[in-house]
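Dear colleague,

Please find the structure below, followed by a short account of what was found in it.

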Amino acid sequence: MTPHTANALGSLLKNAISTSSTRLGRVVHARIVKTLDSPPPPFLANYLINMYSRLDHPDSARLVLRLTPSRNVVSWTSLVSGLVQSGHFSLALFEFFEMRREGVSPNDFTFPCAFKAAASLRAPVTGKQIHALALKCGRILDVFVGCSAFDMYCKSKLRDHARKLFDEIPDRNLETWNAYISNSVTDGLPREAIGAFIDFRKIGGHPNSITFCAFLNACSDALLLNPGEQLHGLVFCSGFDRDVSVCNGLIDFYGKCKKIRSSEIVFAEMGTRNAVSWCSLVAAYVQNHEDEKASLLFLRSRKEIVETSDFMISSTLSACAGMAGLELGRSVHAHAVKACVERTIFVGSALVDMYGKCGCIEDSEQAFDEMPEKNLVTLNSLIGGYAHQGQVDMALALFEEMSPRGCSPAPNYMTFVSVLSACSRAGDVENGMKTFDSMKSSYGIEPGAEHYSCVVDMLGRAGMVERAYEFIKKMPIQPTISVWGALQNACRMHSKPHLGVLAAENLFKLDPKDSGNHVLLSNTFAAAGRWDEANTVREAMKGVGIKKGTGYSWITVKNQVHAFQAKDKSHRMSKEILTMLTKLSNEMEAAGYKPDLKLSLYDLEEEEKAAEVAHHSEKLALALGLLTLPLSVPIRITKNLRICEDCHSFFKFVSGSVRRDIIVRDNNRFHRFRDGT
């Protein structure tokens, strides 16, 4: 056979590797066996070894190597590199040491593969042995070998060894600096990564897209807006403003730094977008609580036939959870099933979370049960769903499975937040305090501000306001806004204005511009009938330019969202809505319902107070739901503020009178009303 034919067969093997075609590779191999003398030329044997190892046929690759009598360092390197690329790290190291037993010395291409295998296995002892061999062979000064050794030490968490090796590399190239910066970010040292980038620029280094992305990740992790904005300028000057990966990094960076408009501008100005671009902006919207925009962008991506990923779907499901968009969430779930990603760990956990936050705990449990693999995020999502529903027994039962003697993953910081929230909403003080006390003693987790806030809220809901205040005084950390806010709300619920004033004073010190703190204090005075003090607080708000945040309620009818404010008359069906409310109020009063006039926050006559309370935004949304939704469909209302006690009582009566399921999600929890309960 002529050398030309052998070269042609070699080209075909290269094509088989580039196209990941095992079938073509086997056909070519058969042709080699049939037409060429045995053994085949060394270069063809090396191609075969590389092809089989890279296409995840390690046994075939090793067999070809053993049948090659003239195997050399290239043959061994082809096998080791292919095994590493296909994820067979232990086997790659085994073959590396077999090569050494045959007396073959590794070259500049073999060592990086061996270091990568050791790094992937987190095997620092083996990595050190390979490092010693590289020193002995005089290869460690090669920039690629040195960079690989450095990367191995970083991934093995041996930062001191990595830094020492980095300092000893005489000629650091761009890849070496990229490895240093990227590994600093991965190890949770963003400021060190930024410092390394500055040093790199000082010596005249020119970054590439990998460098820019690593730097942006560092700024995102540390929420350092200023350095990231400066880098954005350098991106323009360096001509990387059209690089897709860099633009994706900018979208993510601005999103995490709460500059969502900048993320939108970067996305809009991109000449070419990929699936990651769309996913990055969806995630940025979710991080900035722009859930409606996230959902609309996902729908737009579907129209533009953007490739769907599990990250895109999980982010969109998080948006649906944030705005209690059950209908859209079900549509996204259906799309996930169609794309065969509904059982991945990310999408499955997002489904559990979405259904739990939309009040469909049965669907949340079903999504949980259907997941073939579950992690701590999945478990926390289901516990959070139980917490939203106030199902403390279910939350505690699942938490019990995560105990040291259980078979599930150990609980983390967020697990305890969810469990304590469940105890708070169910009024289970005994189990709540028991869980709180076990955090440090049984699990070694130091309680944080969220946990203390949950305990204060739990004690306050149970009417133990003085005990809640004593608990705050004994806190080992400074009470936060959420802690004092929980106490102030408890004071409003249980008419404790003296402690309410104290809580408000601390809230004003921590956040003097937050209208919610002033409003809550005013409401506390109003509920206690102390109108002069309530009006004084509201006048003080006007004096310093603080405006009360508007309360809204939403209801979805035929895929259209309808929003209401209190006493809203702007809706096209306003006349019918007000007529329905009047009818309901008369029926409810005849059945024994009496409006809670304490919840009218102004000093008015009794009739005026009744009218004030009767037209809260959630009642308007309820009336629209009764007018437009079929009898078999539950009425789902979302509210950005806490539902008031009068509306809570009103909804109970309505659910029993008209035999409708009513589900209200406010800023704190779910309220399900069925048959008058």
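How many residues lie between E1 and E2 in their hairpin, and which residue in the turn has a positive phi? The hairpin has 2 residues between its strands, and Lys558 in the turn shows a positive phi of about 55°. Strands E1 (residues 553-557) and E2 (residues 560-564) run antiparallel and are joined by 5 bridges; strands pair if DSSP finds at least two bridges between them. Ser553 is opposite Phe564 in E2. Helices (H or I, at least four residues) and strands (E, at least two) are DSSP runs, numbered from the N terminus.

This is a predicted model, in which local features need pLDDT of at least 70 and side-chain atom pairs count only at pLDDT 80 or more, while totals for chains, interfaces and linings use all residues. Residues are numbered from 1 along each chain as its sequence is written, and side-chain values use heavy atoms, leaving out hydrogens and water.

Asp56 sits in the loop between helix H3 (42-54) and helix H4 (58-66). Asp56 counts as partly exposed because its relative accessibility is 43% (buried is under 20% relative accessible area, exposed over 50%, partly exposed in between; 1.4 Å probe, protein chains only). Beyond residues up to four places away in sequence, Asp56 touches Ser86 and His88 (contact means heavy atoms within 4.5 Å). The side chains of Asp56 and His88 also form a polar contact of 2.5 Å (a pair of N or O atoms within 3.5 Å; within protein, one must be able to donate a hydrogen and the other to accept it, and residues adjacent in sequence count only if both atoms are side-chain atoms).

Ser453, in helix H27 (residues 449-461), is buried, with a relative accessible area of 13%. The Ser453 side chain reaches the backbone oxygen of Ser482 at 3.3 Å.

With kind regards
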